[in-house]
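Student: I'd like to learn how to read pockets and helix packing in a model. Could you walk me through this one?

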Amino acid sequence: MNNMQEDRSGFLRDEMVDTQLIARGIRDPKVLKAFRKVPRHLCVPANIQDAAYDDCALPIGEGQTISQPYMVAIMTELLELTGKETILEIGAGSGYQAAILCELARKVISVERVKTLADRASNKLKELGYQNFEVVVGNGAKGYKKQAPYDRILVTAAADKIPQSLIDQLKEGGKLIIPVGNPYFQTLTIIEKIKGEIVTTESIGCVFVPLIDD
Ligand code: SAH
């Protein structure tokens, strides 16, 4: 991409942050800064790059999608990151959410069940210069025991119920965010482990592709 196109993508990113994120109440300056920086257009298939900063989810192949920018932003803000966390993401998809998290946390481990997507996301994150991540191929509904427990767990696919393994792999004081509901509509659900107790709060409605537990 030449300089002029780079300028244009920067302009579109700022516009996305102003009109889609700030306008809807995203406030965390560090989150906004990450969204102004990460090149979303490089995380979508080349033939739809022009639509990368539109206010919607987009197809990324294998029947999967990159979430709408606002959805990525609200989930990121709800994680309340300080920069010290180890995060488990379920559903690497395009790698865009993982790139945002790499900007804001110490380490990101992203589990993806489709190998072609996992390989692509991993190469993309490398190409973007991140070193604080791992993409793992596997069934994230079971979590990823090897590096558990986690400060934060973010599920970017729709679950019909909260997988117990994910609750088990969450640190004391940690936070798990997961869309819970039926295949057509879910509620963004926040689970916190406070002094051994599980505290559940509900956020906005959302629509994600299904979390496939196989
Ligand atoms: N976070 C992604 C969006 C992912 S879409 C992004 O920023 O682009 C949801 C992803 O979850 C898809 O890639 C799908 O293949 C993956 N997925 C679905 N069920 C899964 C499971 N059980 N384990 C790991 N990945 C899963």
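Student: Which strands and helices each supply at least two residues of the lining of the largest pocket?

Tutor: Let's start with the general idea. Rolling a probe the size of a water molecule over the atoms shows where empty space is left. Keep in mind that this is a predicted model. Here, strands E2 (64-66), E3 (86-90) and E4 (107-112) each give at least two lining residues, and so do helices H3 (69-78) and H4 (96-104). The volume of this largest pocket is about 480 Å³.

Student: Which residues lie nearest its centre?

Tutor: Look for Thr-65, Gly-91, Thr-156, Ala-157 and Val-209, out of 36 lining residues. By class, the lining holds 20 nonpolar, 13 polar and 3 charged residues.

Student: What volume does the second largest pocket have, and what lines it?

Tutor: That pocket has a volume of about 240 Å³. Its lining counts 16 residues, with Ala-159, Asp-160, Lys-161, Leu-211 and Asp-213 nearest the centre. Helix H6 (164-168) and strand E7 (170-182) are the elements that give two or more residues to this lining. The classes are 8 nonpolar, 4 polar and 4 charged.

Student: Now helix packing: at what angle do H2 and H4 pack?

Tutor: For a helix pair, look at the angle and the distance between axes. Helix H2 (residues 29-37) packs against H4 at about 130°, and the axes are 9 Å apart. That angle makes H2 oblique to H4. Their crossing is right-handed.

Student: Which residues make the contact?

Tutor: H2 brings Lys-30, Val-31, Ala-34, Phe-35 and Lys-37, while H4 brings Tyr-96, Ile-100, Glu-103 and Leu-104. This contact has 6 nonpolar residues, no polar ones and 3 charged.

Methods: Residues are numbered from 1 along each chain as its sequence is written. This is a predicted model: local features need pLDDT of at least 70, side-chain atom pairs count only at pLDDT 80 or more; totals for chains, interfaces and linings use all residues. Side-chain values use heavy atoms; hydrogens and water are left out. On a 1 Å grid over the protein atoms alone, a cavity is a set of points where a 1.4 Å probe fits but cannot get out, and a pocket is an open set with protein on both sides within 12 Å along at least five of seven lines; lining residues have an atom within 4 Å of a point. Grid points are joined across faces, edges and corners, and a volume is the space filled by probe spheres set on the points. Helices (H or I, at least four residues) and strands (E, at least two) are DSSP runs, numbered from the N terminus. Ala, Val, Leu, Ile, Met, Phe, Trp, Tyr, Cys and Pro count as nonpolar, Asp, Glu, Lys and Arg as charged, and the others, Gly among them, as polar. Axes are lines fitted to C-alpha atoms, for helices over the stretch in contact, and angles run from 0 to 180 degrees between N-to-C directions. Angles under 35 degrees count as roughly parallel, over 145 as roughly antiparallel, 65 to 115 as roughly perpendicular and the rest as oblique. A crossing is left-handed if the near helix is turned anticlockwise from the far one by less than a right angle, and right-handed if clockwise. Contact means heavy atoms within 4.5 Å.
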